[in-house]
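Trainee: I would like to learn how to read strands, sheets and cores in a model. Can we go through one together?
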Amino acid sequence: MSSEPRRFILGTAGHVDHGKSALIKALTGVETDRLKEEQERGISIELGFAEMTLADGTSLGVVDVPGHERFVRQMVAGAGGVDLALLVVAADEGVMPQTVEHLEILAALGVRGGVIVITKLDLVDRDLAEVALEEVRDLARGTFLQDRPAALVSARTGEGLDDLRAALAAEAAALPDRGGDGPFRLPVDRVFTMPGAGVVVTGTCWSGETAVGDVLELAPAGAKVRVRDVQAHGRAVARGGSGQRLALALHGVKKDEVERGFQVVAPGACTTTLRLDARVDLVAHFDGELKNRQRLHVHHAGREVLARATLLDVELLSHESGCVSGLVQLQLEAPLVARRGDRLVLRFYSPLDTMAGGRVLHCDPPRRRRFDETSLAELAVLEQGDPAELFRQKLREAGTAGLPAAEHAAFAADPAAQPLGKRLYDRVLIDGIADSVAALADEAWRLNPLRGGVGKEEARRKARFAGSAAEWNALVEALAAARLERRRRPHRPAGGGRAAGGPPARRRCGGDPPAGLRPGLARRGRRRRGPARRPARRARPRGAPALPGRPRACRDGGGRLSCARRRPGRAARAPAGALRRRGQPQLRHVPRTDRPEPQAGHPPAGAPRRRGRHPARGRPAHHRPGSEEGSMSDYPTNAPRRVTRRVMVGAAGVGGGEPVRVQSMTTTRTGDYDATLQQILELATAGAEIVRVTVNDDAAAATLPRLVRSSTVPLVADIHFQHELALKAIAAGVAKLRLNPGNIGSSDKVREVARAAQDRGIPIRIGVNKGSLHRRYEELAKSDPAGAMVQSALDELEVLAAVGFTDVIVSLKSSEPREVIEACRRFSRQCDVPLHLGVTEAGTLQAGISRSVAAMSVLLSEGIGDTVRISLAADPVEEVTAAFHMLQALGLREGFARVVACPTCGRVEVDVVALARRVEELAKDLPPDRVIAVMGCIVNGPGEAKAADLGIAAGKTKVAIYRKGVLHRNIGKDDLERVLIEEIDLLR
């Protein structure tokens, strides 16, 4: 069975009356001048079409274009999608104005091959025809037709036609296959109606395939259409595709709703836009200028619209100035349907001269300013980046909308892509959604264990997933199998006590969940059978005032935060007679200050209770990180993480089961855009997940919008003293604010900032530093510095809660590690707000790391802390490295490959310090589970080296290299550097 023939589009070009239509008729037998006016006047007015089959079976769809200067619009419409061109020049006239213009248009449209044809050979002698050919050769120099084959023919006598067919066959054989990959796309060049078929559109299929019954989109109208019939060159076909001239009968649209330049495309395959970014190149024979904000005609896929051009990287484009290429943003006056890589033709507004060709870089860009460095850097990536990097950038930009898998099939296996249904998504984004869904499921289980989890559609809405229901279901199935099951908490076995091999379980209905229920996505309606219960009354008692719509805290007689007056031994009652069950849930997001210090043998106030007996009756004491009873010996590893709310800082989740995030801060003047951006990128490369920048003046605030757009990690604006700067930072789109309540001003200013942040969905970190507490806490700070910091934070939380703001993170910092530990412990017992850990003014590199780790490792081991920064008077990159080393040592994050080095002594045979540093440098990109041992002598060297993935044990003259505990080779010391590089590369 023979394979399907190769298919390409052949287009003509040349001056009017040079014999293009006669040549096509001689080659195919088809009269392309189908209109009565064309036949009467002897010139082509509209596009003509034919089909030609070469000797090797290759099929050419032929598009014959008008040559008159008044019909260049039609010529551009027909030349779109052409693979091969016939540049036709009459032997008796030679090169003419439209010969030049048509060649420039073909070059601008990216035509890949062609043949030069000298026609009317029967009207002149051979020498004159050779002169005309030489003239065309000179014109074609530097274009795609340079060194292409040529043919001298006569359409009337048939002379030279066989040579022309052979030349076309050779050119077609050199072209790569168009294939059927990519989404279906057909620019419309004709529309008409036929009895029994309805509306019919014709055009050259640029990519993809379609068949009867397919649902497509008519753009830019946005109408959904169904294909009723498919024809290729007048023949009904089961499927038509790229490289063919197709006629499609469409259902769902009227004739007057379609016009030339519309496109029939696969849904979502193209972008309908009023703005384009493009690289523009002036054509060789344009002697004018392209100025900024100049009005011009844009031709694309058969459609012509007016636009204004903003020159982004040059002042002026002209041959006289020597600047003939530049980046341009086109503000269109009517919509175009475009994709990245599409070709454009730009023509002067008046007179209508072809001035430039262009290539689309961005189909829906933001409005750009001239000479903006961030915009130019982004366009440079789009223009010059490798295909994989461009795909990843498009994937990130698509967000939860994803990209069509059919359109990017070549990148389906890319590590950055997550296939779901018929679309591809950014894997990092999907991982974030997975974590979000898992946290939602855990939270739903905690609040209502009998519900069994959270509904799929509710989770989809809260996760803000923009894909289809089928893709969401595919994601849910993947999560249920791979992620949510791993996040399940172990439940108590039937005999009581902790589940074997895991951390203590949180309360789940007093033990194992009912059959069929698990923390995850709920199957609604599935409940344990039992007697029907009367639904709880939710109406308030007669005469009781309605509770306010916003959560409100009230103080009882003891000054504690509550919504009820408490009586010893009695259930609390709502104030003013309101039902307590309606008021209590409103305090879920309000900080609690009514929890006393835990007494011996009792859990902290507000901690989740577990079913079981009192410790005095033979059961283990309840332990919660930060409580006085219990010890770390109760746990084989770190204590379970403190349950906190989840706050989103850009794309990075903090708290709510998210990993402990690593932060750092720039040391540059934020107003210096280049220096600050450089440091942000260095910190991001080192692994920082959140970066804070100082906003201390208007210059810094003015730079923030550019930094936010350019940064690859979420940015936090650090605000002191001036709340106006906080408002400017919010307007700039930062991912989070950091405020110090001790110096920001009155509560009214804090509320104003909170309302603005709430409107933009920006969280706030309340940064409480011992050294800058408000003066009302000064007396308390003298006797109880930790208590003063905690009280300051709780008071600020109450101010934010009063305006309904709950996206808050708190940090409690001091230069004394013991005070930091005590303050964070106390705060964690009273509030579920995420904690940022740090020791302020810690010191220089070594001292700062030691003091910071002394405080943070204790808290993290107790399950306290959601994000960390090791503050150093050093390069901020060192902060990130030290933080990951600490978290890796505690088993909380994966960081770097571990390099074990022996302590130096008098027995070492090599410079262990220099060697270990060199190994760390070489191993910085290794997976975090790799272990390399660097040992300087034969005492402990072989034993330690055998326990590592790669071991180095030095002797007097030789160095032993171990792999996975097995002696691999002995080498001389002079070869150590070379061998190290080879061996470490094998661990990647």
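**Reading sheets and cores**

Mentor: Start with one pair of residues. In S3, Leu10 has Val62 as its bridge partner. Keep in mind that this is a predicted model.

Trainee: Which way do S1 and S3 run, and how many bridges join them?

Mentor: The general idea comes before the case. Strands of a sheet pair through backbone hydrogen bonds, in parallel or antiparallel fashion. Here, S1 (residues 7-13) and S3 (residues 59-64) run parallel, joined by five bridges.

Trainee: In what order do the strands of the open sheet come?

Mentor: Read across: S2-S3-S1-S4-S5-S6. That makes six strands, with mixed pairing. Strand S2 (48-53) and strand S6 (150-152) are the edges, each pairing on one side only. On average, neighbouring strands of this sheet are turned by 25° against each other, direction ignored.

Trainee: Which strands does helix H1 lie across?

Mentor: H1 covers residues 20-28. The helix lies across S1, S2, S3, strand S4 (84-90) and strand S5 (113-119). Its angle to S2 is about 35°.

Trainee: Now strand S24. How many of its residues are buried?

Mentor: Eight of nine, so the strand is mostly covered, with buried meaning under 20% relative accessible area. S24 spans residues 354-362.

Trainee: Which residue in S24 stands opposite Arg279?

Mentor: Arg359. Arg359 is also the bridge partner of Arg343. Now place the strands. S17 (residues 271-282) runs antiparallel to S24, with six bridges joining them. S23 (residues 343-348) pairs with S24 over five bridges, also in the antiparallel sense. S23 and S24 form a hairpin, with five residues between them.

Trainee: On to cores. Which residues touch the most other members of the largest nonpolar core?

Mentor: The general idea again. In soluble globular proteins, nonpolar side chains tend to be buried together. In this model, the largest nonpolar core has 76 residues. Leu737, Val810, Leu812, Phe827 and Val868 touch the most other members. Helix H18 (residues 785-802) supplies the largest share, nine residues.

Trainee: What does Val810 touch, leaving out residues up to four places away in sequence?

Mentor: Val810 touches Ile766, Ala793, Leu797, Phe827, Val833, Pro834, Leu835 and His836.

Key: Residues are numbered from 1 along each chain as its sequence is written. This is a predicted model: local features need pLDDT of at least 70, side-chain atom pairs count only at pLDDT 80 or more; totals for chains, interfaces and linings use all residues. Side-chain values use heavy atoms; hydrogens and water are left out. Two strands pair if DSSP finds at least two bridges between them. Helices (H or I, at least four residues) and strands (E, at least two) are DSSP runs, numbered from the N terminus. Axes are lines fitted to C-alpha atoms, for helices over the stretch in contact, and angles run from 0 to 180 degrees between N-to-C directions. Contact means heavy atoms within 4.5 Å. Buried means under 20% relative accessible area, exposed over 50%, partly exposed in between (1.4 Å probe, protein chains only). A nonpolar core is a set of buried Ala, Val, Leu, Ile, Met, Phe, Trp, Tyr and Cys residues joined through side-chain atoms within 4.5 Å.
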